[in-house]
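Take a look at the model below. We will walk through it step by step.

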Amino acid sequence: QVQLVESGGGLVQAGGSLRLSCAASRRIFSFNAMGWYRQAPGKQRELVATITSGGSTNYADSVKGRFTISRDNAKNTLSLQMNSLKPEDTAVYYCNANQAFGIRTIDYWGQGTQVTVSA
């Protein structure tokens, strides 16, 4: 079993910045990909950004140019630098890790961290 623990959420004014971190209980180089997802009240969970084991990144259109995802294999951490935050970025942010076992894949999730952006 893999434990993912997020930190870094909080309350910030529009235009501000936050940095989220996700600490994994084991070496992250074994994961196919890791990512950040978010869920706002009354909405479905949505992809924010992903990064593969090779370092390729993918971003939701709504955060491109404002958010940066990165991974530190030596420290077994995943980060999300969020700049120019907007009220619509308010959500619970979840860390995800995807691992392949032959033809099967398993997703691991953290417990989430709240990000609130005030206008």
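How many disulfides does a search of the whole structure find? The search finds one. This is a predicted model, and in it Cys22 is joined to Cys95 with an S to S distance of 2.1 Å. That falls within the 2.5 Å cut-off for a pair of cysteine sulfur atoms. The angle about the S-S bond is -80°. The link is therefore left-handed. Cys22 sits in strand β3 (residues 18-24) and Cys95 in strand β9 (residues 91-101), so the bond ties together parts 73 residues apart in sequence.

The cut-off for buried is under 20%.

Now the chain as a whole. The protein chain has zero helices and 11 strands. Along the sequence, the pattern is β-β-β-β-β-β-β-β-β-β-β. Contacts reach across the sequence: of those between residues at least 6 apart, 56% join residues at least 24 apart.

Next, overall dimensions. A compact globule of 119 residues would have a radius of gyration near 14 Å, and the protein chain agrees, with 14 Å. Along the principal axes, the C-alpha atoms fill a box of roughly 45 × 30 × 25 Å.

Of the 119 residues, 41% count as buried. The protein chain exposes about 6,300 Å². Carbon and sulfur atoms supply 48% of that area. The protein chain carries 12 positive and 7 negative charges, and their mean positions are 6 Å apart.

Conventions: Residues are numbered from 1 along each chain as its sequence is written. This is a predicted model: local features need pLDDT of at least 70, side-chain atom pairs count only at pLDDT 80 or more; totals for chains, interfaces and linings use all residues. Side-chain values use heavy atoms; hydrogens and water are left out. Helices (H or I, at least four residues) and strands (E, at least two) are DSSP runs, numbered from the N terminus. The radius of gyration is taken over C-alpha atoms; the globule rule is 2.2 Å times the number of residues to the power 0.38. Buried means under 20% relative accessible area, exposed over 50%, partly exposed in between (1.4 Å probe, protein chains only). Contact means heavy atoms within 4.5 Å. Accessible areas come from the Shrake-Rupley method with a 1.4 Å probe; for residues, only the protein chains shown count as cover. Lys and Arg count as positive and Asp and Glu as negative; His and the chain ends are not counted. The place of a charge is taken as NZ of Lys, CZ of Arg, CG of Asp or CD of Glu.
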